[in-house]
Amino acid sequence: MSVAVHVVDHPLIADSLTRVRAKDTPNALFRQELERIGTLLIAEATKGLPTGSVSVETPLTTTLGRQLSSQPVVVPVLRAGLGFLHAAQDLLPNADVGFIGVARDEETHQPKPYVNKLPESLAGRQVIVLDPMLATGGSLAHTCHLLLERGATGTIIVVCVLAAPEGIELLRNEGLELAVYTAALDERLNEQAFIVPGLGDAGDRQFGSPA
Ligand code: PRP
């Protein structure tokens, strides 16, 4: 079991990330930039998906093409993970989508689950989890255990914008098999378990504060 962390180094990601971090970026632009980062990260994260050969007739002749051997299951973690969903569905239009809702308790920082809407069986499916923030890792660990309960096998792909070292360590201690694709590995968590330097609350910056 291992947690591989891929910090995707791309000038367009870096450019968008700067606007996503900036506190004065309006919510509409924040969502646009987040989605752009999601597109680039998901393209990188899906590089290893298996393909098979198929015959294709062009207007001129017959040749060999490749197509995805199977369709992944994409799982956005509510709410912030919704910011990557359009990007994922653009790139993987035939993927199934499952939903996990987890809210982090503001006092204890523990995950409080409120939605679990996954396909009946995940056996043999490549699962791609979408959640922009990997802070303490509690929400992602909770999500991964729900995926394993549904029969997920192999390496779960995780797409986030920011990850904290503390969260990566927790996931390693949980014995999960993950490939994390992130725009940046930030320095640390602060006393409120927010990622520093971070970008604030990715859910609130997309959808406003629920309180
Ligand atoms: C945030 C974020 C992650 C989680 C990360 O969600 O979107 O899901 O916290 O923190 P963790 O790694 O410490 O668990 P939040 O609970 O704020 O809900 P929201 O997406 O609805 O804003």
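Reader: How many residues surround the ligand?

Author: This is a predicted model, in which local features need pLDDT of at least 70, side-chain atom pairs count only at pLDDT 80 or more, and totals for chains, interfaces and linings use all residues. Residues are numbered from 1 along each chain as its sequence is written, and side-chain values use heavy atoms, with hydrogens and water left out. The closest are R79, R104, D131, T136 and S139, and the number of residues around the ligand is 16.

Reader: Which element supplies the largest share of the shell around the ligand?

Author: Helices (H or I, at least four residues) and strands (E, at least two) are DSSP runs, numbered from the N terminus. At least two shell residues come from each of β6 (99–104), β9 (133–134) and α4 (138–149). The largest share is three residues, supplied by β6.

Reader: How much of the accessible area of the ligand does the protein cover?

Author: Polar contacts are pairs of N or O atoms within 3.5 Å. An oxygen atom of the ligand lies 2.8 Å from a side-chain N or O atom of R79, and a polar side-chain atom of T136 is 2.5 Å from a ligand oxygen atom. Of the 500 Å² of accessible area that the ligand has on its own (Shrake-Rupley method, 1.4 Å probe), the protein covers 91%.

Reader: What is the volume of the largest pocket?

Author: On a 1 Å grid over the protein atoms alone, a pocket is an open set of points where a 1.4 Å probe fits, with protein on both sides within 12 Å along at least five of seven lines; lining residues have an atom within 4 Å of a point. The ligand takes up the space of the largest pocket. The volume, the space filled by probe spheres set on the points, is about 820 Å³.

Reader: Which residues are closest to the centre of the largest pocket?

Author: The lining divides into 16 nonpolar, nine polar and eight charged residues. Among the elements that each supply at least two lining residues are β4 (73–78), β7 (111–117) and α6 (202–207). Of the 33 lining residues, the closest to the centre are R79, V102, A103, R104 and D201.

Reader: Where is the residue that a cis peptide bond joins to V196?

Author: Most peptide bonds are trans. The bond from V196 to P197 is cis, with omega about 5°, and the bond from L78 to R79 is also cis, with omega near -5°. P197 is in the loop between β13 (195–196) and α6.

Terms used: A residue is near a molecule or strand if one of its heavy atoms lies within 4 Å of it. A polar contact is a pair of N or O atoms within 3.5 Å; within protein, one must be able to donate a hydrogen and the other to accept it, and residues adjacent in sequence count only if both atoms are side-chain atoms. A molecule sits in a cavity or pocket if more than half of its atoms lie within 2 Å of its grid points. Ala, Val, Leu, Ile, Met, Phe, Trp, Tyr, Cys and Pro count as nonpolar, Asp, Glu, Lys and Arg as charged, and the others, Gly among them, as polar.
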